[in-house]
Amino acid sequence: MTDAAADRRRRLAALARADVGLLEESLDRLDPAPRYDVLKPAETGLVMVRGRAGGTGGQFNLGEMTVTRCVIRNDSGTVGVGYVAGRDRRKAELVAVFDALLQDPAHADRLERDVICPSERRREERRTQMLSRAAATRVDFFTVVRGG
Amino acid sequence: MYVAVKGGERAIANAHAWLAEERRGDPAVPELSVAQIREQQRLAVDRVMTEGSLYDPDLAALALKQARGDQVEAIFLLRAYRTTLPRLGTSLPLETARMTVRRRISAVFKDVPGGQVLGPTFDYTHRLLDFALAAEGQPSPAPSAPTPLAETLPGVIDVLNREGLIETQVAPADEPPPADLTREPLRFPASRAMRLQNLARGDEGFLLALGYSTQRGYGRNHPFAGEIRNGEVVVEFEPPELGFAIELGDIELTECQMVNQFAGSKSEPPQFTRGYGVSFGQGERKAMAMALVDRALRTEELGEEATSPAQDIEFVLYHSDNVEAQGFVQHLKLPHYVDFQSELNVVRGMRRAAEAAAKPLAEAAE
């Protein structure tokens with residue numbers, strides 16, 4: 001994977017988990033507002049989630065999840081893609097808009113700071129909180145010596 | 001045979017209006033929101049997602065509200081809804097070893113790397129009704145340890161199988177796409193992929209009873225809970241518009257690795273074999289039952305003698321789906337007037353024949 005693709009992948013992962021309110025606010029702050037054409041209007045569909053037998057063996061179809069996608073092209077001709085878990089069509093469109101903007105060096109640094117970093121930080125905080133709570137439920141075994 | 005019977009429209013409309021009122025219950029009691037069901041009846045939501053075979057907590061909560069809490073009805077609603085959506089594609093296989101773990105226990109190895117992590121569990125509760133919950137109030141916050149767990153915990157069996165006494169599960173090279181029951185009917189012999197998909201969608205009660213039957217001796221396979229883990233797993237997907245996979249988000253999953261004694265066969269040395277169970281959310285009992293039944297259905301593959309219902313692949317797979325099962329059972333409510341009329345005629349004929357046959361005997365006895 002090229003560096004550009006790796007960057008885009010990391011940003012899309014952050015955007016997919018971003019709070020939709022944060023995306024709307026960031027969009028409102030952009031001046032001028034980004035202009036774009038919708039290539040594929042936001043649409044909700046299904047992605048079949050695959051698992052593996054025993055976790056590591058042959059593949060099988062575990063069940064589906066709802067996913068919403070949207071594809072746009074902005075006025076500089078950059079295509080933006082949004083694929084997010086769930087049924088929020090507005091979010092999928094916003095992700096596609098930011099995906100296109102973030103490919104533009106003129107916007108990338110600022111949006112990285114205003115949108116990507118807060119989303120990544122929030123995910124990390126949530127994860128640390130969950131793992132800290134889990135760690136508090138770890139069993140400390142001790143052996144009771146009988147007789148002696 | 002059913003016949004179209006006209007004239008029920010008004011009765012049906014009125015029945016549904018009454019159902020809507022019953023669903024709401026006493027209007028003096030505040031109405032439940034979908035978000036409340038999603039947050040506070042989470043295990044019901046998880047079961048509906050697992051057996052509805054669709055991960056979407058909000059939709060599952062809505063289905064439960066509409067179904068007045070009836071799980072099988074809610075599962076039916078979710079299955080029906082999914083047929084209205086297009087298939088966008090297929091995820092990369094989940095990497096459950098990289099799960100962000102809330103709970104991870106092993107009943108076979110005490111000292112597992114990362115430790116035994118209980119997570120938010122009903123285990124070790126006293127099963128005494130907690131009347132404090134009848135009053136409203138906030139629980140005290142759960143303690144946090146100063147050091148969080150590692151970001152990922154490797155699979156217990158993979159780490160502690162140094163002697164190679166436990167069967168390994170290796171992804172075959174050049175795998176064909178696995179069977180998909182949402183697009184093709186059950187076929188026999190059923191591949192493990194087809195079986196696992198069927199069991200993952202299967203009715204928890206049915207699988208629980210079958211799993212239990214193997215423990216009681218109907219197809220005994222000496223199971224141990226090798227590892228149970230619950231947490232969040234990243235779902236990756238390769239959009240056609242991009243040349244690489246991206247993360248769609250995270251789903252909550254519970255996975256059970258059952259480890260079973262096995263005496264060996266012509267081709268396999270004595271070892272522990274494995275059964276696998278997995279469910280959306282915190283469906284731990286379902287995942288355990290599924291793992292027991294998955295192992296039981298491997299009877300033929302492992303060269304064991306099939307003697308019990310849980311080992312009968314056709315029996316299990318044909319009867320595990322509660323949407324199909326409820327449909328066929330409940331179709332008995334549809335008008336069978338003509339069927340029954342013809343059966344009445346048959347029984348009348350049989351009765352006459354029996355009486356005619358009895359008469360000469362009775363006369364002879366006199």
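This is a predicted model: local features need pLDDT of at least 70, side-chain atom pairs count only at pLDDT 80 or more; totals for chains, interfaces and linings use all residues.
Residues are numbered from 1 along each chain as its sequence is written, chains are lettered from A and ligands numbered from 1 in the order in which they are written, and side-chain values use heavy atoms, with hydrogens and water left out.

**Chain B against chain A**

The contact between the chains (heavy atoms within 4.5 Å) takes in 78 residues of chain B and 57 residues of chain A. The buried area, meaning the accessible area (1.4 Å probe) that two parts lose on being put together, summed over both, is about 6000 Å² here, and carbon and sulfur atoms give 60% of it. On the side of chain B, B:L88, B:E247 and B:L248 supply 11% of the area buried against chain A, more than any other three residues.

Between the two chains there are 13 salt bridges, each being a side-chain nitrogen of Lys or Arg within 4 Å of a carboxyl oxygen of Asp or Glu. Polar contacts (pairs of N or O atoms within 3.5 Å, where within protein one must be able to donate a hydrogen and the other to accept it, and residues adjacent in sequence count only if both atoms are side-chain atoms) link 34 residue pairs across this interface, with both residues at pLDDT 80 or more. Strand 5 (residues 246–262) of chain B gives the largest share of the side that touches chain A, namely 9 residues. That side divides into 43 nonpolar, 17 polar and 18 charged residues, where Ala, Val, Leu, Ile, Met, Phe, Trp, Tyr, Cys and Pro count as nonpolar, Asp, Glu, Lys and Arg as charged, and the others, Gly among them, as polar.

**Strand pairing**

Helices (H or I, at least four residues) and strands (E, at least two) are DSSP runs, numbered from the N terminus, and two strands pair if DSSP finds at least two bridges between them. Strand 1 (residues 36–52) of chain A pairs with strand 2 (residues 87–90) of chain B in the parallel sense over 3 bridges; A:L46 stands opposite B:R87, and A:M48 stands opposite B:T90. Within chain A, strand 1 runs antiparallel to strand 2 (residues 59–74), joined by 14 bridges, with A:V38 opposite A:I72. These two strands of chain A form a hairpin with 6 residues between them, and A:G54 in the turn has a positive phi of about 70°.

**Domain 1 against domain 2 of chain B**

An automatic or database domain assignment gives domain 1 (9–82) and domain 2 (96–123 + 147–326) of chain B. Their centres, taken over C-alpha atoms, are 29 Å apart, and the contact takes 15 residues from domain 1 and 19 residues from domain 2. About 1500 Å² is buried between these domains, 57% of it from carbon and sulfur atoms. In domain 1, B:T50, B:Y55 and B:R79 lose the most area to domain 2, together 38% of what that side buries.

The domains share 2 salt bridges and 7 residue pairs in polar contact, both residues at pLDDT 80 or more. Helix 3 (42–52), strand 1 (54–55) and helix 5 (71–82) of chain B each supply at least two residues of the domain 1 side, and helix 3 gives the largest share, 7 residues.

| Interface | Residues | Closest N to O distance |
|---|---|---|
| Domain 1 and domain 2 of chain B | B:R47 and B:D203 | 3.0 Å |
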